Amino acid sequence: MYNTSGMTTFQTPQSVHVPDEAVERARAFSIKVTTTVDYRDSNQGIAEKIRDDHFVSKLGEEAVRILFEGRNCRVEGPDYSVYEAKRKSWAADLRINKLDVAVKTQRRSAAKRYGLSWTFQDSPERRDPILDTPDAWVCLVVFEDLDAETVCVVYPLKKIKQLIFEAPRLSRLAGKKQAVYLETLIQNGIFEK
């Protein structure tokens, strides 16, 4: 364990069980928010995919919240408000002991074809501002959707500048997103397996 801005964190991936009530909050949010977003600039126009992306994202945020609250940290978020398009922001997903933290979550099943990765928006139309903030904190999460229980694996907090960004292996995302691949992070000693 080490200290990050007054908060005790961890150095190895942590498994977190997400309780049913948090799963239902995430599911209800994903249904409500789907009609308020437009991701055509990312070649994402399928409502079911957009809904699932928001569901998985909130599960990851819940897992990170649970993990840090269990370490006696004060956690603000996840935010379940649904904003109209012009009021949406790139604000941090969580505040942990006053530290802004972005959370990126990926389904384990999505890793079968291209490897486990997390993507960051980087197109001429929309760019995730965290990419321009090297000292911003991010927490990468895997939703273990191949298991019967709702479990997420939370990787240690890292700064954006510590991650290794690559072009997405899925060709339709090239020029629209940047990707961080778990195998690259492990090979470079950034994460343990």
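This briefing walks through the charged and aromatic side-chain contacts in the structure above. It is a predicted model, so local features need pLDDT of at least 70 and side-chain atom pairs count only at pLDDT 80 or more, while totals for chains, interfaces and linings use all residues. Residues are numbered from 1 along each chain as its sequence is written, and side-chain values use heavy atoms, with hydrogens and water left out. There are 17 salt bridges and six aromatic pairs.

**Salt bridges**

- A salt bridge here is a side-chain nitrogen of Lys or Arg within 4 Å of a carboxyl oxygen of Asp or Glu.
- Glu144 and Arg108 make one of these, at 2.7 Å from N to O. Glu144 sits in the loop between β8 (137–143) and β9 (151–154), and Arg108 in the loop between β6 (99–107) and α3 (111–114), so the pair ties together parts 36 residues apart in sequence. (Helices, H or I with at least four residues, and strands, E with at least two, are DSSP runs numbered from the N terminus.)
- Glu144 is buried at 10% relative accessibility, whereas Arg108 is partly exposed at 26%. (Buried means under 20% relative accessible area, exposed over 50%, and partly exposed in between, using a 1.4 Å probe and protein chains only.)
- Asp132 and Arg127 also meet in a salt bridge, at 2.7 Å from N to O; Asp132 is exposed at 52% and Arg127 partly exposed at 33%.
- Asp135 and Lys159 pair up at 3.6 Å, N to O. Asp135 is in the loop between β7 (117–121) and β8, and Lys159 is in strand β10 (residues 158–159), so this bridge joins parts 24 residues apart in sequence.
- Arg25, Glu62, Arg65 and Glu69 are linked in a salt-bridge network.

**Aromatic pairs**

- Rings of Phe, Tyr and Trp (its six-membered ring) pair if their centres lie within 6.5 Å; planes under 30 degrees apart are stacked, over 60 edge-to-face, and the rest tilted.
- Phe10 and Phe68 form a tilted pair, 5.8 Å centre to centre with 40 degrees between the planes. Phe10 is in the loop between β2 (7–8) and β3 (14–17), and Phe68 is in helix α2 (residues 47–69), 58 residues apart.
- Phe10 is buried at 2%, and Phe68 is buried at 0%.
- Phe120 and Phe165 have ring centres 5.2 Å apart and planes at 75 degrees, so they count as edge-to-face.
- Trp118, Tyr155 and Phe191 form one aromatic cluster.

**Charge over ring**

- This contact needs NZ of Lys or CZ of Arg within 6 Å of the ring centre and within 35 degrees of the ring normal.
- Lys58 lies over the face of Phe29, at 4.7 Å from the ring centre. The charged end of Lys58 also sits over the ring of Tyr80, 5.3 Å from its centre.
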